Protein chains: 2
Amino acid sequence: MTTNQLMIDTALASWRQAVAQASETFNLLTDDQFQREVAPGKNRVLYLLGHLTAVNDAMLTILGLGDRLHPELDAMFIKNPDKVIKELPTAANLKKYWAEVNQNVLHKMEALSPREWLQRHATMTDEDLAKNPTRNRLNILLSRARHVSYHRGQVAVARN
Amino acid sequence: MTTNQLMIDTALASWRQAVAQASETFNLLTDDQFQREVAPGKNRVLYLLGHLTAVNDAMLTILGLGDRLHPELDAMFIKNPDKVIKELPTAANLKKYWAEVNQNVLHKMEALSPREWLQRHATMTDEDLAKNPTRNRLNILLSRARHVSYHRGQVAVARN
């Protein structure tokens with residue numbers, strides 16, 4: 001294996017771990033716990049599951065990897081804060097979307113070569129990348145992994 | 001710049017961002033807010049600042065990069081849960097340690113070559129690494145970055 005490929009494999013292993021840990025946290029929750037706010041007046045756990053699903057699904061767009069599975073989640077879980085949109089998918093359905101989205105995103109990302117990981121992502125211009133070459137696809141993978149962990153931390157304290 | 005070095009630079013940029021975001025969150029807090037629990041019966045914000053400082057300082061040991069600045073924090077913030085050790089540093093002192101520790105760790109990490117990032121870390125044997133070569137120093141950097149973001153998420157909801 002090349003050094004380049006090993007670095008990408010290490011980053012993908014970290015991503016898999018972030019997602020697996022979040023899945024484990026969500027799978028421990030009862031339906032009642034999904035309705036709880038992570039702190040008074042803050043997002044409900046259900047909203048965070050939808051939010052993470054929508055953001056991970058949107059990685060396909062920003063990485064230029066094809067069509068998303070659930071673009072309809074953006075209005076509910078990204079464009080609007082919690083409690084604005086009243087009709088949301090059930091926790092059971094969101095858990096299904098979460099699993100499907102992550103499987104799909106991982107599958108597409110595993111097909112990228114080391115060189116492709118260092119190319120710019122869809123929201124950057126070639127000029128932007130020339131100025132700061134670390135703003136590449138790999139940067140998106142690492143920041144989205146931290147985003148998963150950020151919200152998992154909140155869900156973890158909301159359990160009891 | 002080599003492709004290898006650009007990958008490492010991208011990972012270090014993600015680390016810097018995780019630390020900078022956490023610093024920003026901690027710097028917004030009043031002394032009173034440092035005494036709050038992130039959820040009823042959970043860790044206080046002060047404990048999380050100490051915990052992140054101790055864990056980041058300990059990266060020097062696990063990465064084999066020399067002596068730590070604040071090994072005395074482990075008993076207070078890693079080996080014991082919150083509220084067991086009564087005498088803790090003030091928030092002002094912990095914020096100072098946090099800045100010093102992160103500066104020191106970053107400085108040491110910036111000196112590692114891409115090849116050195118792929119070597120095993122101190123808690124692994126050569127045999128372990130042969131079985132799973134992604135369990136290298138870079139893996140530690142990525143998982144510690146997620147660890148910072150995990151607890152920052154908790155501090156962020158404890159503010160109001």
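Predicted model: local features only at pLDDT ≥ 70, side-chain atom pairs only at ≥ 80, totals over all residues.
Visitor: Which average pLDDT does chain A have?
Guide: Glad you asked! Local features here need pLDDT of at least 70, and side-chain atom pairs count only at pLDDT 80 or more. Residues are numbered from 1 along each chain as its sequence is written. On this scale of the predictor's confidence in each residue, from 0 to 100, 99% of the residues of chain A score at least 70, and the chain average is 96.

Visitor: Are α1(A) and α1(B) roughly parallel or roughly antiparallel to each other?
Guide: Both helices, DSSP runs of H or I with at least four residues, span residues 3-27 of their chains. Their axes, lines fitted to C-alpha atoms over the stretch in contact, with angles from 0 to 180 degrees between N-to-C directions, come within 9 Å and cross at roughly 20°. Angles under 35 degrees count as roughly parallel and over 145 as roughly antiparallel, so α1(A) and α1(B) are roughly parallel.

Visitor: Which residues of α1(B) do A:T3, A:N4, A:M7 and A:I8 meet?
Guide: Contact means heavy atoms within 4.5 Å. By that criterion, these residues of α1(A) meet B:T3, B:N4, B:M7 and B:I8.

Visitor: How are the two copies related?
Guide: The superposition is by least squares on the C-alpha atoms of residues with pLDDT of at least 70 in both copies. Chain A can be laid on chain B with an RMSD of 0.0 Å by a turn of 180° and a shift of 0.0 Å along the axis. The copies are thus related as by a two-fold rotation axis.

Notes. Chains lettered and ligands numbered in written order. Heavy atoms only, no water. Helix = DSSP H or I, 4+ residues; strand = E, 2+ residues; numbered from the N terminus. Parallel < 35°, antiparallel > 145°, perpendicular 65-115°, else oblique.
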